[in-house]
Amino acid sequence: SRPNKMIKLKILGCSGGIGGRHLRTTSLLIDKDILIDAGTGVGDLSIAELAVIDHVFITHTHLDHIAFLPLLIDTVADRRSKPLTVYGTEAVLTILRNHIFNWVVWPDFSEIPSADRPFLRFQPVALRETVRLGKRA
């Protein structure tokens, strides 16, 4: 727990569609390094802001929640010293691997530049499981 420190939550998008200056699909930035979903709102962040995101939690794989995930990792992969970790249920991660990061739609960044030092790693999370990130939970 963080009794004396509040988290910073920035809503990057919360719409089911796009268009105009204020419609971005679901993505929430916590502090500067955690994303909840990776909708089109992620595209409003600078490259420097994108590069410090270490954790992405995907709630489900509808396109409005994952649209910018492939572009995020592609944009910052060579600017990072450690993999970007994507969290989701086994079902979510299987869909991402099979239908997005599959070498047909997009490169599998969990295998490049090498399998032992990837740009992206997938971390399964069970429903109702608490995930600790340093002192945060």
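This is a predicted model: local features need pLDDT of at least 70, side-chain atom pairs count only at pLDDT 80 or more; totals for chains, interfaces and linings use all residues.
Visitor: What radius of gyration does the protein chain have?
Guide: The radius of gyration is taken over C-alpha atoms, and the globule rule is 2.2 Å times the number of residues to the power 0.38. The C-alpha trace spans about 40 × 40 × 30 Å along its principal axes. A compact globule of 137 residues would have a radius near 14 Å, and the protein chain agrees with this at 15 Å.

Visitor: What percentage of the residues of the protein chain count as buried?
Guide: Buried means under 20% relative accessible area, exposed over 50%, and partly exposed in between (1.4 Å probe, protein chains only). Among the 137 residues of the protein chain, the buried share is 41%.

Visitor: Where does phenylalanine 57 lie, and which residue forms an aromatic pair with phenylalanine 57?
Guide: Rings of Phe, Tyr and Trp (its six-membered ring) pair if their centres lie within 6.5 Å, and planes under 30 degrees apart count as stacked, over 60 as edge-to-face and the rest as tilted. A search of the whole structure finds three aromatic pairs, one of which is stacked, with 4.2 Å from centre to centre and 10° between the planes. Both of its residues are buried. Because phenylalanine 57 lies in strand 4 (residues 55-57) and its partner in strand 5 (residues 84-88), the pair ties together parts 30 residues apart in sequence, and that partner is tyrosine 87.

Visitor: Is leucine 12 buried or exposed?
Guide: Leucine 12 lies in strand 1 (residues 9-13), and beyond its neighbours within four places in sequence its contacts (heavy atoms within 4.5 Å) include Arg24, Leu35 and Leu45. The C-alpha atom of leucine 12 is 9.6 Å from that of histidine 22, ten residues away along the chain. Since the relative accessibility of leucine 12 is 10%, this residue counts as buried.

Visitor: How far apart in space are glycine 13 and lysine 32?
Guide: Glycine 13 also lies in strand 1, and its relative accessibility of 5% makes glycine 13 buried. Apart from neighbours within four places, glycine 13 is in contact with Arg24, Thr25, Thr26, Ser27 and Leu28. Lysine 32 is 19 residues from glycine 13 in sequence, and the C-alpha to C-alpha distance is 15 Å.

Visitor: What is the relative accessibility of aspartate 54?
Guide: Aspartate 54 sits in the loop between helix 1 (47-51) and strand 4. Leaving out residues up to four places away, aspartate 54 touches Asp33, Arg80, Lys82, Pro83, Leu84 and Thr85. Aspartate 54 counts as buried because its relative accessibility is 15%.

Visitor: What is the relative accessible area of proline 113?
Guide: Most residues other than glycine have a negative phi, and most peptide bonds are trans. The bond from isoleucine 112 to proline 113, however, is cis, with omega near 5°. Proline 113 belongs to strand 6 (residues 113-114) and touches Pro118 and Phe119, not counting residues up to four places away. Proline 113 is exposed, at 54%.

Visitor: What phi does arginine 128 have?
Guide: Aspartate 31, in the loop between strand 2 (27-30) and strand 3 (34-36), has a positive phi near 50° and is buried at 17% relative accessibility. Arginine 128 lies in the segment after strand 8 (120-124) and counts as exposed at 82%. The phi of arginine 128 is likewise positive, near 70°.

Key:
Residues are numbered from 1 along each chain as its sequence is written. Side-chain values use heavy atoms; hydrogens and water are left out. Helices (H or I, at least four residues) and strands (E, at least two) are DSSP runs, numbered from the N terminus.
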